[in-house]
Amino acid sequence: MISAKDFIPSKYTHSVEKGNFQWSAPSNIALVKYWGKKDNQIPANPSVSFTLNNCKTITKLAFAKKDISPEVSGSLNVTGNNFSFDLLFEGQPKEDFKPKIQKFLERIEIYLPFLKDYHFTIDTENTFPHSSGIASSASGMAALAMNLMSLEKALNPEMTEEYFYQKASLLARLGSGSACRSVKGQVVVWGNHANITGSSDLFGVEFPNAIHANFKNFQDTILLVDKGEKQVSSTIGHDLMHNHPFAERRFAQAHENLDQLISIFESGNLDEFIKIVESEALTLHAMMMTSMPYFILMKPNTLEIINAIWKFRNETKIPVCFTLDAGANVHVLYPQNVAEKVLQFIKNELVGYCQNGQYICDEIGNGAVLI
Ligand code: PMV
């Protein structure tokens, strides 16, 4: 079995003075949810997600080796003991993002021992609207991890593609758990599962089994119900699963639901797919409602949308369903062949429940891309 130690490099064969890379990485939407974790961002249960296509972070990483020659000691760049980086968001310095990046670099330093040798300029932007209530941590951490892996690959060109993507996902995980599912593949599993070959707590892997054509170009229209700041950060949310009265049963249920999805992906049975996906979304929220302290993250319009989707599905038999993140926004999931009808329904009946009528059309995508 692969262990985290396998990702600690021994020595590099090449040296690189300066340069830059640019990667885009998408967001992802979990079908079986990750909620609850152990130390070092190890998930309490396995999860699976669709990778998105349009909601992305694009990050450029410029790097230059710090000058450690004695003549320039005294200059800011010589410390060698600290991470040295500038952070730009949409081209402008963004100080309030820095502590999160600092913490990320601290966590991954053991895996990338070159980090303190360079000064970095991280320039990042999202394709989705700022403060839309869509979390950018998954796409953001994945995009940064990809860039750092490109640099490591320049230092060690012999690296295999498998190692590159596994380690990129492992690093992304240490930034934000769900980010490890934003690296490669359309359907990504993260967390050990007895019946999924290659699945690991350390990194996300492409779902290895058959996937029915019904899921090809699967659509996700994200209805922005509440664009406000998250009421509960995911760090606090995951912590609420410690000593949660239903935690153990919930973690077991995630294994069972993932097991069921293996055959659903193969058969293309959308009725069964809908049952698992909606149940997972409501279970995630049920966990928050039954923790101490307790939270309700849905808004009245979240429930209006859910009821409207159920009514529409009953009347039309169109296989459309919803899922939720740890917030009030609703992801509407449906196959491509009903896209026209579902979009019409969204425009006619759901847009009124969205803040400023805003929604984002997305679909299943392939993962991070080097630009
Ligand atoms: O990656 P985090 O720590 O922000 O947690 C994300 C948790 C959920 O989005 C609610 C579920 C998931 O599996 O993505």
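In the predicted model, residue E248 is found in helix α5, which spans residues 247–267. Between E248 and S234, which are 14 residues apart along the chain, the C-alpha atoms are separated by 19 Å.

Salt bridges were examined next. The count comes to 9 salt bridges. One of them joins E152 to K167, with the closest N and O atoms 2.8 Å apart. Because E152 lies in helix α2 (residues 137–155) and K167 in helix α3 (residues 161–175), the pair ties together parts that are 15 residues apart in sequence. Both partners are buried: E152 has a relative accessibility of 1%, and K167 has a relative accessibility of 0%.

A salt bridge is also formed by K184 and E206, whose closest N and O atoms are 3.5 Å apart. Here K184 is placed in the loop between α3 and β8 (187–190), while E206 belongs to strand β9 (residues 204–206), so this pair ties together parts that are 22 residues apart in sequence. K184 counts as partly exposed at 35% relative accessibility, and E206 is likewise partly exposed, with a relative accessible area of 42%.

In helix α7 (residues 300–316), K311 and E315 are 4 residues apart and are therefore separated by about one helical turn. These two residues form a salt bridge in which the closest N and O atoms are 3.6 Å apart. K311 and E315 are both exposed.

Positive charge also gathers on the surface, in a patch made up of K100, K103, R107 and K230. Of these residues, K230 is located in the loop between β10 (219–223) and α4 (234–239). With a relative accessibility of 44%, K230 counts as partly exposed.

Cysteine pairing was considered last. A disulfide is a covalent bond between the sulfur atoms of two cysteines. The count comes to 0 disulfides in this model, the cut-off for such a pair being sulfur atoms within 2.5 Å. For C354, the closest cysteine sulfur is that of C361, at 11 Å, which is too far for a bond. The sulfur of C361 has its closest cysteine sulfur in C55, at 9.9 Å, and this distance is also too far for a bond. C354 counts as buried, at 7% relative accessibility, whereas C361 counts as partly exposed, at 40%.

Terms used:
Residues are numbered from 1 along each chain as its sequence is written. This is a predicted model: local features need pLDDT of at least 70, side-chain atom pairs count only at pLDDT 80 or more; totals for chains, interfaces and linings use all residues. Side-chain values use heavy atoms; hydrogens and water are left out. Patches are made of residues with over 30% relative accessible area and no salt bridge: like charges are joined within 9 Å, nonpolar side chains (Val, Leu, Ile, Met, Phe, Trp, Tyr) within 5 Å. Accessible areas come from the Shrake-Rupley method with a 1.4 Å probe; for residues, only the protein chains shown count as cover. A salt bridge is a side-chain nitrogen of Lys or Arg within 4 Å of a carboxyl oxygen of Asp or Glu. Lys and Arg count as positive and Asp and Glu as negative; His and the chain ends are not counted. The place of a charge is taken as NZ of Lys, CZ of Arg, CG of Asp or CD of Glu. Helices (H or I, at least four residues) and strands (E, at least two) are DSSP runs, numbered from the N terminus. Buried means under 20% relative accessible area, exposed over 50%, partly exposed in between (1.4 Å probe, protein chains only).
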